[in-house]
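Thanks for coming, everyone. Let me put the model on the screen, and we will walk through it together.

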Amino acid sequence: MRMGTLLLIIAGMLLSISFLVFGVLTNAEVTSIVAQVIGFSGMVFTLLYGLLITRTATQTTER
């Protein structure tokens, strides 16, 4: 995996965790729910992207 891709995955995960923590700590109900949904969705999509890019790199090197 290239360094740029790894940094992109780490930055996405940190941003998602930040949204999730902000959603837990904020007092406004609607803002809290939206931030938690964005944070959780971002973590899931970042994890899936990381798995997909790793699998694609493995399949490319096997051929």
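Buried or exposed? Thr 46 counts as buried, because its relative accessibility is 12% and the cut-off for buried is under 20%. Keep in mind that this is a predicted model.

Where does Thr 46 sit? Thr 46 is in helix α2. What does Thr 46 touch, once neighbours within four places in sequence are set aside? The contacts are Ile 9, Gly 12, Met 13 and Ser 16.

Now look at the helix that holds two of those partners. Helix α1 covers residues 3-25. Its buried residues are Thr 5, Ile 9, Ser 16 and Gly 23. So Ile 9 and Ser 16 are buried residues of α1, and both are in contact with the buried Thr 46.

How far does α1 reach? From its first C-alpha to its last, the span is 33 Å.

Step back for the whole fold. The protein has two helices and zero strands. There are 63 residues, and buried ones make up 16% of them. Next, the contacts between residues at least 6 apart in sequence. Of these, 49% join residues at least 24 apart.

Back to α2, which runs over residues 29-62. Gln 36 is in this helix too. Which residues does Gln 36 contact, beyond neighbours within four places in sequence? They are Phe 19, Leu 20, Gly 23 and Val 24. Gly 23 is one of the buried residues of α1. One distance to note here: the C-alpha atoms of Gln 36 and Ile 17 are 9.2 Å apart. Along the chain, Gln 36 and Ile 17 are 19 residues apart.

Last topic, the surface. The protein exposes about 5000 Å². Carbon and sulfur atoms supply 72% of that area. Which residues make the nonpolar surface patch? They are Phe 40, Val 44, Phe 45, Leu 47, Leu 48 and Leu 51. The patch is about 620 Å².

Leu 48 belongs to helix α2. Leu 48 is partly exposed, because its relative accessible area is 47%, and exposed would need over 50%.

That's the tour. I'll take questions now.

Technical notes:
Residues are numbered from 1 along each chain as its sequence is written. This is a predicted model: local features need pLDDT of at least 70, side-chain atom pairs count only at pLDDT 80 or more; totals for chains, interfaces and linings use all residues. Side-chain values use heavy atoms; hydrogens and water are left out. Helices (H or I, at least four residues) and strands (E, at least two) are DSSP runs, numbered from the N terminus. Contact means heavy atoms within 4.5 Å. Buried means under 20% relative accessible area, exposed over 50%, partly exposed in between (1.4 Å probe, protein chains only). Accessible areas come from the Shrake-Rupley method with a 1.4 Å probe; for residues, only the protein chains shown count as cover. The expected span of a helix is 1.5 Å times one less than its number of residues. Patches are made of residues with over 30% relative accessible area and no salt bridge: like charges are joined within 9 Å, nonpolar side chains (Val, Leu, Ile, Met, Phe, Trp, Tyr) within 5 Å. A salt bridge is a side-chain nitrogen of Lys or Arg within 4 Å of a carboxyl oxygen of Asp or Glu.
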